[in-house]
Amino acid sequence: MIQRIKYTAAALVASLALLEGNAQTLRSSYFLDGSVHRHELNPAFMGERNYVSFPVLGGLNLGVQGNMGLSNFIYRLNDPASSYELTSFMSPTVSSSEFLGGLKDNNSIDLNLSMPVFSFGFHKWGGFNTFGVNLRVNSSVNLPYDLFAFMKNMQQDGTTHYNLKNLGVRANAYAEIAFGHSREIMENLTVGAKLKVLLGAGNVDAYVNNADITLADDRWSMSLDAQGDLSVKGMVLKTDPADAQGRREVTGVEMDGFSPIAGTGFGIDLGAVYDMDEFVEGLTVSASLLDLGFISWKETHRIANDGSTPFVFDGFTDIVVNDGDADNSLDNQFDRLSDDLEGMVKFYDGGMASKRTTALNAVLNIGAEYELPWYRNLTFGFLMTSRFNKPYTWTEGRFYANVAPLGWLDLSVNYAASRFGSSMGCMLNFHPKGFNFFIGSDNIPFKVNPQFIPLHNMNANVCLGINFTFGKKHCFGGKQEQS
């Protein structure tokens with residue numbers, strides 16, 4: 001069932017891509033005045049010029065964050081004579097201490113996609129105004145340490161017991177139509193707000209509260225307390241016939257047609273920027289609260305297991321290792337592991353809910369920037385970002401050095417630390433009159449495999465955009481305006 005939920009989450013991403021589509025705009029752009037889309041990080045930020053984005057490519061952002069990577073699960077074989085160089089963590093050539101020693105109590109991965117279909121901004125009505133249509137996908141997976149301990153160690157001497165908690169997956173896909181306005185309400189204070197109309201494409205939320213596993217010589221049994229909600233319009237559950245207790249086990253899902261709108265909702269972003277010159281010359285502080293809102297889903301399939309009936313589990317009993325046989329290749333090893341994982345999770349059809357409401361993953365940003373008095377084109381900053389998505393909540397601290405050596409060129413280099421580990425980020429932003437191009441990353445992977453997948457912590461993203469600017473240049477920090 002885990003595999004099927006994974007396929008469902010992947011289908012949400014694919015379906016949004018077919019529509020021509022929650023990462024926000026690159027955090028590396030937060031302190032760059034010339035960045036066109038930084039109002040996505042704080043709606044109080046005003047644009048340097050009016051702008052119109054290039055459709056779809058105005059600010060494409062794709063990223064993944066995780067506190068584990070490929071190197072936690074793929075190892076080199078110790079046998080130099082083998083024609084296969086790699087094997088999985090389940091190989092007996094990989095010790096339990098070597099594998100489990102590299103894992104955390106909770107091992108998490110977040111995948112995010114943000115795609116602006118179209119957006120524009122302009123100075124009018126006493127402030128800066130924005131309009132945008134964006135497509136967003138965010139998904140989170142949490143895998144507890146004990147899951148991997150069970151897979152690797154299985155039954156020890158006599159009866160062995162495992163208890164798994166906090167195993168879950170959540171995926172959300174939606175489009176937003178956003179209207180924003182920012183203005184200076186006091187000499188040193190600028191505020192902004194953005195209202196959003198949300199169109200939900202789909203939502204998946206499955207969670208294991210508790211799983212008790214008992215491995216004995218005569219029987220491997222599992223008691224599972226879990227539930228899930230699947231909100232995708234046109235989805236149909238495939239089930240077995242009802243058992244003696246009237247329950248129907250879910251065996252899969254299929255689509256009976258597809259509608260891109262499975263729910264509707266509203267959201268709001270709020271932000272403020274305060275110039276602290278009267279207290280500390282060159283210091284500016286800012287804060288924003290993003291994605292306060294909800295989506296109400298039209299129809300939801302409920303799946304659940306109350307843990308009252310243990311069931312037999314016989315997976316992980318035929319583990320293969322690369323031995324030169326193509327049938328035992330690394331890909332086939334992980335395919336068989338996925339098949340075994342399906343047997344660990346058993347859900348029953350919990351019926352249909354006509355209405356279900358979910359909150360957006362709210363984001364809090366708090367920033368401070370200091371401008372050097374002897375060279376105002378060089379600044380240093382700090383940004384704290386918290387994403388509220390229990391139980392997948394995370395907080396990050398990021399330190400910046402930002403420089404604008406030319407009036408049309410900005411550069412930011414930054415370092416971040418969070419529960420996903422540490423990472424380096426940078427952004428290069430070209431913004432001469434009439435044109436804007438930027439490229440950057442909040443998480444630069446320094447070691448990847450041939451497919452460019454990070455080997456260590458799963459932290460990597462790329463963001464780029466093409467936009468067209470026009471009108472008078474509005475400068476910040478007391479600089480003079482220029483045409």
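**View 1. Arg136 and Glu40 form a salt bridge, with 3.4 Å from N to O.** Arg136 sits in strand β6 (residues 127-144) and Glu40 in the loop between α1 (2-18) and β1 (50-53), so the pair joins parts 96 residues apart in sequence. The model is predicted. Arg136 is buried, at 1% relative accessibility. Glu40 is buried as well, at 7%. Both belong to a salt-bridge network that also includes Glu176, Lys194, Lys196, Asp269 and Asp291.

**View 2. Asp269 pairs with Lys196 in a salt bridge.** Their closest N and O atoms are 3.0 Å apart. Asp269 is in strand β13 and Lys196 in strand β9 (residues 189-215), 73 residues away. Both residues are buried.

**View 3. A salt bridge connects Glu299 and Lys233 (3.8 Å, N to O).** Glu299 lies in the loop between β14 and β15 (300-306), Lys233 in the loop between β10 (220-231) and β11 (235-239), so parts 66 residues apart in sequence are tied together. Glu299 is partly exposed, at 23% relative accessibility. Lys233 is partly exposed too, at 27%.

**View 4. Helix α3 spans residues 145-153.** Its buried residues are Leu147, Phe148, Ala149, Phe150, Met151 and Lys152. Just after α3, Met154 adopts a positive phi of about 50°.

**View 5. A patch of negative charge lies on the surface.** Glu184, Glu187, Asp277, Glu278 and Glu281 gather here. Glu278 is in the loop between β13 (263-275) and β14 (283-297). At 53% relative accessibility, Glu278 is exposed.

Definitions and conventions
Residues are numbered from 1 along each chain as its sequence is written. This is a predicted model: local features need pLDDT of at least 70, side-chain atom pairs count only at pLDDT 80 or more; totals for chains, interfaces and linings use all residues. Side-chain values use heavy atoms; hydrogens and water are left out. Buried means under 20% relative accessible area, exposed over 50%, partly exposed in between (1.4 Å probe, protein chains only). Helices (H or I, at least four residues) and strands (E, at least two) are DSSP runs, numbered from the N terminus. Patches are made of residues with over 30% relative accessible area and no salt bridge: like charges are joined within 9 Å, nonpolar side chains (Val, Leu, Ile, Met, Phe, Trp, Tyr) within 5 Å. Accessible areas come from the Shrake-Rupley method with a 1.4 Å probe; for residues, only the protein chains shown count as cover. A salt bridge is a side-chain nitrogen of Lys or Arg within 4 Å of a carboxyl oxygen of Asp or Glu. Lys and Arg count as positive and Asp and Glu as negative; His and the chain ends are not counted. The place of a charge is taken as NZ of Lys, CZ of Arg, CG of Asp or CD of Glu.
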